[in-house]
Amino acid sequence: MGVHEVHYAMIVILAMGIGLFAPPFGVVCYGACAIGRVSPDDALWRIWPYIDALVIALAIVAGIPWISIWFL
């Protein structure tokens with residue numbers, strides 16, 4: 001389909017990072033809260049800046065493919 005493998009892999013990794021941390025199915029979020037013995041409700045507001053950064057990075061990498069493959 002004309003999509004470079006590295007570009008595709010970076011999009012998948014960023015999207016998986018969003019999916020693993022974003023509620024309601026944020027498995028990594030709930031796992032980290034269980035390990036740290038913190039309530040997910042208390043920790044959720046600290047996760048939003050990280051998720052926002054991942055969404056912005058995903059939009060940039062998906063919109064400008066040469067950012068992910070310029071070094072190849």
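What is the mean pLDDT of the protein chain, and what percentage of its residues reach 70 or more? In this predicted model, the mean pLDDT of the protein chain is 87, and 100% of its residues reach 70 or more.

Figure 1. The secondary structure consists of 4 helices and 0 strands. Along the sequence, the elements follow the pattern α-α-α-α. The radius of gyration is 15 Å, well over the 11 Å that the globule rule gives for 72 residues, so the protein chain is more spread out than a compact globule. Along the principal axes, its C-alpha atoms fill a box of roughly 45 × 20 × 15 Å.

**Figure 2. Confidence in the elements of the protein chain.** Helix α4, residues 66–69, has the lowest mean pLDDT among the elements, at 83. The highest mean pLDDT, 89, belongs to α1. Where pLDDT is low, predicted coordinates should not be read in detail.

**Figure 3. The crossing of helices α1 and α3.** Two packed helices are described by the angle between their axes and the distance between the axes. Helix α1 covers residues 5–21 and helix α3 covers residues 40–63. Their axes come within 9 Å and cross at roughly 160°. Because angles over 145 degrees count as roughly antiparallel, α1 and α3 are roughly antiparallel to each other. The crossing of α1 and α3 is left-handed.

**Figure 4. Residues in the contact of α1 with α3.** On the α1 side, the contact includes His7, Met10, Ile11, Leu14 and Phe21. Residues they meet in α3 include Ile47, Tyr50, Ile51, Leu54 and Val61. By class, the contact of α1 with α3 has 15 nonpolar, 2 polar and no charged residues.

How values were computed: Residues are numbered from 1 along each chain as its sequence is written. This is a predicted model: local features need pLDDT of at least 70, side-chain atom pairs count only at pLDDT 80 or more; totals for chains, interfaces and linings use all residues. Side-chain values use heavy atoms; hydrogens and water are left out. Axes are lines fitted to C-alpha atoms, for helices over the stretch in contact, and angles run from 0 to 180 degrees between N-to-C directions. Helices (H or I, at least four residues) and strands (E, at least two) are DSSP runs, numbered from the N terminus. Angles under 35 degrees count as roughly parallel, over 145 as roughly antiparallel, 65 to 115 as roughly perpendicular and the rest as oblique. A crossing is left-handed if the near helix is turned anticlockwise from the far one by less than a right angle, and right-handed if clockwise. Contact means heavy atoms within 4.5 Å. Ala, Val, Leu, Ile, Met, Phe, Trp, Tyr, Cys and Pro count as nonpolar, Asp, Glu, Lys and Arg as charged, and the others, Gly among them, as polar. pLDDT is the predictor's confidence in each residue, from 0 to 100. The radius of gyration is taken over C-alpha atoms; the globule rule is 2.2 Å times the number of residues to the power 0.38.
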